[in-house]
Amino acid sequence: MKRDQARRLLEQGLAEFAGVRGHLNYSSEQVAELADTSQGATEKQLESAEAFTGRFARCVDLLVNKVLRSLDRMELNPEGTLLDVINRAEKRGLVGCAADLREMKDVRNMIAHDYAGAKAAEIFAYCREQKPVFDGICQRAVTQAEKVLSLRS
């Protein structure tokens, strides 16, 4: 892949990621007062919780599949598996522990396949608990991407 194409992909990924993170932050504020369990929740509250977990899943997906993969391309790393991408993020210091981001990716898959909502309360509690950790990963990844873009302009 040519360097300018890799650059465009990273810039596009960062722009899309910023928008999705804004939506996640909005949803996080909307569910701040909700209990981790869905017992007694109104339809509106359940809808807000589902929006929050869905947005969390999209953010994780965009971070790994667009931002981190594009960052790898810009730094001339070989294409690799999801584990390769996550492990390189850990080596760069973007993720404190690769297992954390792998777990987030696994939960993203649970969210995508929990059609009946059987694990909705568990997923909601996890996403809310992990959001500060995820925010730190996101900030470090964005900072690194912006640094790489500025060095290669």
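Guide: Contact here means heavy atoms within 4.5 Å, and helices are DSSP runs (H or I, at least four residues) numbered from the N terminus. This is a predicted model, where local features need pLDDT of at least 70, side-chain atom pairs count only at pLDDT 80 or more, and totals for chains, interfaces and linings use all residues. Residues are numbered from 1 along each chain as its sequence is written, and side-chain values use heavy atoms, with hydrogens and water left out.

Let us look at H3, residues 82-91. Its buried residues (under 20% relative accessible area, 1.4 Å probe, protein chains only) are Val85, Ile86, Arg88 and Ala89. Seen down the axis of H3, they fall within an arc of 160° and so line one face of the helix; the arc is that of the directions from the helix axis to the C-beta atoms. These buried residues of H3 pack against helix H2 (43-74) and helix H4 (98-113). Just after H3, Gly93 has a positive phi of about 85°.

The axes of H2 and H4 come within 9 Å and cross at roughly 125°, where axes are lines fitted to C-alpha atoms over the stretch in contact and angles run from 0 to 180 degrees between N-to-C directions.

Terms used: Buried < 20%, exposed > 50% of the residue type's maximum accessible area, 1.4 Å probe, protein only. Helix = DSSP H or I, 4+ residues; strand = E, 2+ residues; numbered from the N terminus.
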